[in-house]
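Trainee: Could you take me through this structure one feature at a time, with the general idea set beside the case in hand?

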Protein chains: 2
Amino acid sequence: MLKNLTKRNNFKEMKLNNIISEIKRKQSFLCVGLDTDITKIPSVLKTEHDAVFAFNKAIIDATAEYSIAYKPNLAFYEALGLKGWQSLEKTVFYIKERFPEIFIIADAKRGDIGNTSTQYAKAFFETLPFDAITVAPYMGSDSVSPFLKFDDKFVILLALTSNAGANDFQYFKQNNEHLFEKVMVESQKWAGKEKMMYVVGATRAEMLVQIRQIVPEHFLLVPGVGAQGGSLHDVAKYGMTNDGGLIVNSSRAILYASPDSDFDIKAASEAKQVQEEMRKLLLEKKVI
Amino acid sequence: MLKNLTKRNNFKEMKLNNIISEIKRKQSFLCVGLDTDITKIPSVLKTEHDAVFAFNKAIIDATAEYSIAYKPNLAFYEALGLKGWQSLEKTVFYIKERFPEIFIIADAKRGDIGNTSTQYAKAFFETLPFDAITVAPYMGSDSVSPFLKFDDKFVILLALTSNAGANDFQYFKQNNEHLFEKVMVESQKWAGKEKMMYVVGATRAEMLVQIRQIVPEHFLLVPGVGAQGGSLHDVAKYGMTNDGGLIVNSSRAILYASPDSDFDIKAASEAKQVQEEMRKLLLEKKVI
């Protein structure tokens with residue numbers, strides 16, 4: 001099955017309008033981060049040949065109703081070497097096959113000189129059927145542009161991240177412009193909102209007012225709600241647009257909602273709870 | 001063989017002194033970049049079960065005499081999916097086994113929040129026996145520190161890269177300090193020259209005078225000689241220290257020195273020529 005899919009490679013197109021429709025249909029802007037840590041998988045799955053995939057599949061089946069995106073975090077798969085890469089492949093093809101309307105983000109934070117970024121783009125957009133990839137901006141335009149050459153694929157550029165280290169360089173300031181602002185201003189010359197999104201950490205919700213002045217309509221991928229302490233309410237208050245404009249990620253709170261065999265049921269109920277909160281926020285802002 | 005190696009995991013330690021000794025012994029500071037592009041491999045190898053590994057092995061055997069480091073570029077392996085990851089594993093284990101004195105750099109440009117960078121560190125320093133990894137600084141200290149927890153392993157932080165896009169953000173300036181200078185100043189608080197190196201593109205050789213004022217003794221990994229147009233002579237003139245202080249990378253000029261079955265002989269002669277030039281520069285600067 002997987003092999004045929006690779007060859008066909010005729011997956012559903014993923015345009016910005018598809019994402020917006022799904023947000024409205026599911027009344028949700030939840031992305032489930034598949035940061036699958038083999039040491040945290042319930043012991044009931046440990047006998048599976050591919051425990052990481054078995055876990056992911058169960059999580060996906062349980063949460064797809066409440067989610068509009070999945071975001072495998074590459075590091076967790078690479079840490080397992082060849083076997084991890086295999087679990088990643090199976091996971092991404094499974095989502096594309098079973099839930100073709102769902103947006104799949106490679107959380108990879110790549111970025112290199114042009115001919116190398118071209119290879120990364122092949123890795124994630126051709127060899128694997130991801131719809132989007134997170135990219136680090138440090139190396140500038142020619143490190144990002146190879147990813148932009150693919151139709152119906154998105155670059156999600158790091159702007160203001162959720163971690164403490166964001167303070168080290170992202171607030172570096174020339175005249176009255178911070179580096180993260182410069183990144184958003186400059187990168188708008190490379191592509192519009194139909195191909196580009198930005199990462200803004202939920203722990204920086206107060207900065208969203210400023211950020212929305214620079215990118216009033218771009219979608220933002222927002223990690224940091226949950227384990228990292230960001231508030232969904234504040235993110236929506238300052239960051240939501242008429243189209244929604246937000247994809248909010250939750251990883252650990254959903255994946256590890258229970259350490260036992262009911263992990264998928266608990267994950268579903270956690271995702272449902274987030275979706276219900278999101279529904280209220282979408283209603284308040286008249287997106288739905 | 002490979003499996004046993006993984007389990008033993010008792011590779012030779014790679015301390016800065018080992019690297020310096022090898023530079024003096026081989027009279028070279030050449031790193032061969034294994035940016036192995038399957039479409040450029042000589043047709044004589046195309047029937048091999050693992051053509052990428054067969055190519056790498058031939059290149060390594062032909063050039064090890066003249067090189068102190070190898071630098072597989074992750075993108076080229078990831079572009080091939082599972083099979084590429086397999087070729088990468090075989091390549092890295094082959095170098096460690098056959099040439100344990102050679103420094104192996106994962107050119108991966110990774111960097112993410114702490115718990116994710118920890119997984120990347122596992123991927124490259126535990127699952128695979130790399131000695132060093134290139135890291136992008138945008139996300140700051142906590143995205144880099146997980147890599148620094150490993151003994152006898154190095155972080156090679158992007159400072160000033162060789163591509164045109166370097167101009168977009170790396171020269172961003174607060175007061176009198178550019179972003180790339182801030183990166184070098186700040187990161188010296190995280191680790192010293194025994195664990196940290198910097199990427200400085202050969203196409204920016206004139207900047208090395210300024211850079212040596214900030215990092216007078218740190219080793220610099222210098223890509224951009226050859227296909228990208230940088231001058232080895234200028235890099236040595238402005239960047240060399242008493243210990244050498246430079247690891248200069250060449251990829252395409254060596255890998256694809258010939259498209260025919262004599263590719264390894266031509267690669268060796270290209271590497272030898274670079275090594276001879278390096279020897280002169282090391283003598284001029286009295287490193288040897």
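Trainee: What covers the buried residues of α11(B)?

Mentor: This is a predicted model, in which local features need pLDDT of at least 70 and side-chain atom pairs count only at pLDDT 80 or more, while totals for chains, interfaces and linings use all residues. Residues are numbered from 1 along each chain as its sequence is written, and chains are lettered from A and ligands numbered from 1 in the order in which they are written. Helices (H or I, at least four residues) and strands (E, at least two) are DSSP runs, numbered from the N terminus, and two residues are in contact if their C-beta atoms, placed from the backbone, lie within 7 Å. Here the cover includes α10 (208–214), β9 (220–222), β10 (246–250) and α13 (263–284) of chain B.

Trainee: Which residues of α11 in chain B are buried?

Mentor: A residue is buried if 20 or more other C-beta atoms, placed from the backbone, lie within 10 Å of its own. In α11 (residues 232–239) of chain B, these are B:L232, B:V235, B:A236 and B:G239. They line one face of the helix, because down the axis of α11(B) they fall within an arc of 95°, taken from the directions from the helix axis to the C-beta atoms.

Trainee: How is chain B related to chain A?

Mentor: Two copies of a chain are related by a rotation about an axis and a shift along it. Here a rotation of 180° with 0.0 Å of shift along its axis superposes chain B on chain A, with RMSD 0.0 Å, by least squares on the C-alpha atoms of residues with pLDDT of at least 70 in both. That is the relation of a two-fold axis.

How values were computed
Buried ≥ 20, exposed ≤ 12 C-beta atoms within 10 Å, placed from the backbone.
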